[in-house]
Amino acid sequence: MSWFTRKDKGILTPTESKREAPDGLWYQCPSCKKAMHTREHRLFAYTCSNCNYHEKIGSQEYFELLFDQTKYTELDAMLSSGDPLNFVDTKRYPDRIKATEKKTGLKDAVRTAHGKVNDIEIVVSAMDFSFIGGSMGSVVGEKIARGIDYALAHKIPFLMISKSGGARMMEAGFSLMQMAKTSAKLALLAEAGIPYISLLTDPTTGGVTASYAMLGDFNISEPGALIGFAGPRVIRETIGKDLPKGFQSAEFVLEHGFLDFIVDRKDLKDKLSSLLGMLA
Ligand SMILES: [Zn+2]
């Protein structure tokens, strides 16, 4: 029996809008429509040379941008999800996991690695939106918790790069438990005086915003990122009022005191290492 059935027909996302880092020779900016060579786009850290639109990228691209000589060691690479609820929607959950693994080459929606950023040892957990909308299930929570354990054991800083639609409904309560688990682990990191930096990227929403993404010693973001808990439609219907312009953009969230600063992805590595240098 299906847990949910889609009532509204015609809600479709074309395959090309689901892609994270586009390949092929040319890249067309979805914001200003300017075309640029993919090599140039990569050199600009996947931002538009014309309007600075930050394309969504995954853990692989962040690891390559951040780690010195792109050298890093991945932690818990083979951890993958069980099916605690025997969940079925349009597909059985294990079949959905298998199909997504095959399509993305990933085991779940987060990858953790340790290495050096401008000679500073660090652990980085980066989320992948291409894996079921970057949803947070038990594997995401467990990998982040283990990444924090590694940072604690080696007394090195922890960087979380969030990109998520929120909790993974196929694991229901098990997903929500990850909020408490990761928050408790981060408290241990804070007690030990080890820096935790949280980078929120487009989009960071739901249970991820409500737990580890907002618990950094520094909460930073990329320009233009959507940051929020519930979506604007739900909020509008709940409060019965129109929302202010730019609501839930990184710039709006910064203005209202929820972020420490916004960092251009091209400067991310240097800003990060100078920040960590000051905290050391
Ligand atoms: Zn552009």
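How far apart are the end C-alpha atoms of helix H6 (residues 172-191)? They sit 30 Å from each other in this predicted model. At 1.5 Å a residue, the 20 residues of H6 should span 28 Å, so the two values agree.

Now for how H6 sits in the fold. Its buried residues are Ser175, Gln178, Met179, Thr182, Leu186 and Leu189. These cover an arc of only 105 degrees around the axis, so they lie on the same side of H6. The background is simple helix geometry: with 3.6 residues a turn, residues three or four places apart point the same way in an α-helix.

After H6 comes Gly193, with a positive phi near 70 degrees.

Next, the metal site. The zinc ion takes its protein donors from the SG atoms of Cys29, Cys32, Cys48 and Cys51, at 2.2 to 2.4 Å. Along the sequence, these donor residues follow the spacing C-x2-C-x15-C-x2-C. Why call the arrangement tetrahedral? The angles between the four donor atoms around the zinc ion run from 105 to 114 degrees, and the tetrahedral label needs all angles between 85 and 135 degrees.

Cys48 is buried, at 2% relative accessible area, whereas Cys51 is partly exposed, at 33%.

Note on methods
Residues numbered from 1 in each chain as written. Predicted model: local features only at pLDDT ≥ 70, side-chain atom pairs only at ≥ 80, totals over all residues. Heavy atoms only, no water. Donors = N, O, S within 2.8 Å, 3.2 Å for Na, K, Ca; no water. Tetrahedral: all angles 85-135°; square planar, octahedral: opposite > 155°, others 65-115°. Buried < 20%, exposed > 50% of the residue type's maximum accessible area, 1.4 Å probe, protein only. Helix = DSSP H or I, 4+ residues; strand = E, 2+ residues; numbered from the N terminus. Expected span 1.5 Å × (residues − 1). Arc of directions from axis to C-beta.
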